[in-house]
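Student: I have a structure to read and some questions about it. Can we go through them one at a time?

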Amino acid sequence: MGFVRNLGDAGVEVVLEGTQDSISRFIKQLQTDRPPTSTIHQVDTTYPPETGEFKEFQIIKSNESRVHAGSVIPPDIAICDNCLRELRDKRDRRYDYFFITCTDCGPRYTIIDALPYDRPRTTMREFEMCEKCLGEYKDPRNRRFHAQTVACAECGPLVTLLTKEGRPVDSTDPVRAAGRLLERGAVLAVKGNGGFHLASSTLLTEAIVRLRKTKFRLQKPLAVMAKDLEAVKSFAEVTPAEAELMTSYVRPIVLLRKRSDFDLSEQIAPGLHNVGVMLPYTGLHSMLFDDTRERAFVMTSANPPEEPIIKDNDEALARLKDIVDYFLVHDRKISQRCDDSVVRSFGDTTTLLRRSRGYAPAPISVAVPKNACTLGVGGELNVTSCLIYQGRAYMTQHIGDVETLQTFEFQKEATRHLLMLTGCKPEAVGRDLHPLFSTTKFAEELAQESDIRVVAVQHHYAHVAALMAEHDVEEIAAICCDGYGYGDDGSAWGGEIIFADQTGYKRVGHLEPQPMIGGDLATKYPLRMVAGILRDNAEITNWLLERHGYFPHGREEVNMILRQPSAGKVPLTTSCGRVLDAVSAILGLCYERTYEGEPAMKLESAALGGKDSLNLKPVARDGVIRTTNMVHEIFSNLWRVTLRDLAYSAQSYMARSLSETAIATATELGVKSIGFTGGVAYNEQITRTLKTAVEEEGLRFLVHVSVPPGDGGISFGQAVVAAQHS
Ligand SMILES: [Zn+2]
Ligand SMILES: [Zn+2]
């Protein structure tokens, strides 16, 4: 006999009286028979003397006094099978109730205002339970016993279909009516657990084009939500590992390979071999499909360019009214906005592209000094914040590119919310080396408010430190490749070989510095990278002139551009991303970047099924890996070799030359692990080639498992470095 109660930190306290034997058995069963979505981070046991005061086993009121540092805040959990069954069961009380949930499922992080996690401290407090719901809530034998989100059509949130002017549409079944509208070509804003989605048909190109215009995303791939796994298989290939991810309680967007007979609109993911697909994660999403023949709907975050996902009804109505045809809204407030997570599975690893709904802010174990409490605030793109305390890392949801005031405010708010929930007071904050990033400013602000030290962490070292902490390795030779990071010397880095141990790091190699003609313009227009790299090639002037529209002033402009690097007026970059961009432009895959990673992603797609027909020999000297030679070869073989093989050969060269230098470094220094990190680690061919080369040498190949290899993982690495220096 005894009791169980929530502690302030989302942990629980169980007090038991009984024989030693039965208590031991209970502790064992706690591990084996726990609910599917629960996580046991730690079990602390004490054996005080018996009091005989307990007559029965009860759940008692939360102990609010014990909101102590290091809390565990649960992430949102997708609708469970039991709830899905009840949703469809005409005899069930919650038949057709779009927000059906139980102890095993439903929103958590997005509705929690404060801890302990009890209804009055969530946005569910506005909905008083009806007698029946309360009965279930109080009944220990019921699946909804102490489920904080319990509700029904009588007492819970309600859903309404609105015209774009905000007038209610007369409908007894607004969700299914919304599905029918989508099927007929309407664009809808649909409110879910963590924010608004923009939704449309996946077959009617005209609707998708309209939706795209509203997002100012002319090319960027759009995620889709499919009815079920069978529907997914009709347009994409699904491996068992991917099916498991898709149906897990996280229910992320999984990047799947398009089937060769892909028959959804090409407007969904133009020029790419894969498509981001998720399954319904609330009753509402599931019901959208009921009255339609659609296998999938476009379901993309409703956010104005460079701004966070919209979460409030008023804001949605004000900002989306000229964009959508209808709104499907409900009346529960969203406490924390949260985008969908995005993952990719290849080989035996799952790579996180965006760690958000379903993951955040569940803690990740991290190998740092246990007493350290530190924060990382990220870089500039794909920002997250990360708090480390007692060997656990709590990362915020995806924040986005902190380039606008709105996103910056979102980051501050989400970070402070995390600090409030965990009750942690960091002693140090890790920030990027870049002096002008908003996140740098944020770190300085935090330092001024309270006594927090600021630790400036070089971008690529943050990536490498994250990888080391995830795998608990003492030293590593790491390949760190991405688009841009502010280097120790102030120049643009992004193709680095880094040796790191517990004391710090050393840049032992890098890609050949290449000119970025026009600075940032070379990122937007990869033809400028081509011009910079191939400026001495006899054919280049005419070739560039043939790219109509990109050099409106003709020969004069091209000649001026080509002369700039030798005049020494051009910034240099060792970025791997920029070299891949140049190859993508040479192959005609992308002349203008409309979203981050576009040229390199299209290059990867073009290389699918290709072979390394050029088999170029890596050229490196004193740790500088040449890339000009490779780009010349791609250019001069344009008419002889297939586009697919050229794309493959270019990626192969990058992977082989990087691994060669990294392996030489590891051998020389006696290091046993080689890591791969940075946004280029999303590239499957490059990752596989590196892995094979490294493992052939008998070395360990390490990639990220719990944090994104891209800039979403930077805050984690910064917090790690700050913890090591505390
Ligand atoms: Zn459930
Ligand atoms: Zn009810």
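Student: Is Lys524 buried, partly exposed or exposed?

Tutor: The model is a predicted one. Buried means under 20% relative accessible area and exposed means over 50%. Lys524 has a relative accessible area of 37%, so Lys524 is partly exposed.

Student: Which residue forms a salt bridge with Lys524?

Tutor: Lys524 lies in helix H13 (residues 521-524), and its partner lies in the loop between helix H17 and helix H18, 68 residues apart. The closest N and O atoms of the pair are 3.8 Å apart.

Student: In the salt bridge of Arg319 and Glu307, which residue counts as buried?

Tutor: The side chains of Arg319 and Glu307 meet at 2.6 Å, N to O. Arg319 has 37% relative accessibility, so Arg319 counts as partly exposed. At 15% relative accessibility, the one that counts as buried is Glu307.

Student: How many residues apart in sequence are the parts that Asp113 and Arg125 tie together?

Tutor: The side chains of Asp113 and Arg125 meet in a salt bridge of 2.9 Å, N to O. Asp113 and Arg125 both lie in the loop between helix H2 and helix H3, so the pair ties together parts whose separation in sequence is 12 residues.

Student: How many salt bridges does a search of the whole structure find?

Tutor: Some salt bridges share partners, and these join Glu86, Arg93, Arg94, Glu136, Arg143 and Arg144 into one network. For the whole structure, the search finds 42.

Student: Which residues of strand S18 point the other way from Arg392 and Tyr394?

Tutor: In a regular strand the side chains alternate between the two faces of the sheet. Strand S18 covers residues 392-395, and Arg392 and Tyr394 point one way. The residues that point the other way, buried like these two, are Ala393 and Met395.

Student: How many bridges join strand S17 to S18?

Tutor: Strands S17 and S18 form a hairpin with 2 residues between the strands, and Gln390 there takes a positive phi near 50 degrees. Ile388 has Ala393 in S18 as its bridge partner. The two strands run antiparallel, and the number of bridges is 4.

Student: Which are the edge strands of the open sheet?

Tutor: The sheet has 6 strands in the order S15-S18-S17-S16-S19-S20, with mixed pairing. An edge strand here pairs on one side only, and the two are S15 and S20.

Technical notes: Residues are numbered from 1 along each chain as its sequence is written. Chains are lettered from A and ligands numbered from 1 in the order in which they are written. This is a predicted model: local features need pLDDT of at least 70, side-chain atom pairs count only at pLDDT 80 or more; totals for chains, interfaces and linings use all residues. Side-chain values use heavy atoms; hydrogens and water are left out. Buried means under 20% relative accessible area, exposed over 50%, partly exposed in between (1.4 Å probe, protein chains only). Two strands pair if DSSP finds at least two bridges between them. A salt bridge is a side-chain nitrogen of Lys or Arg within 4 Å of a carboxyl oxygen of Asp or Glu.
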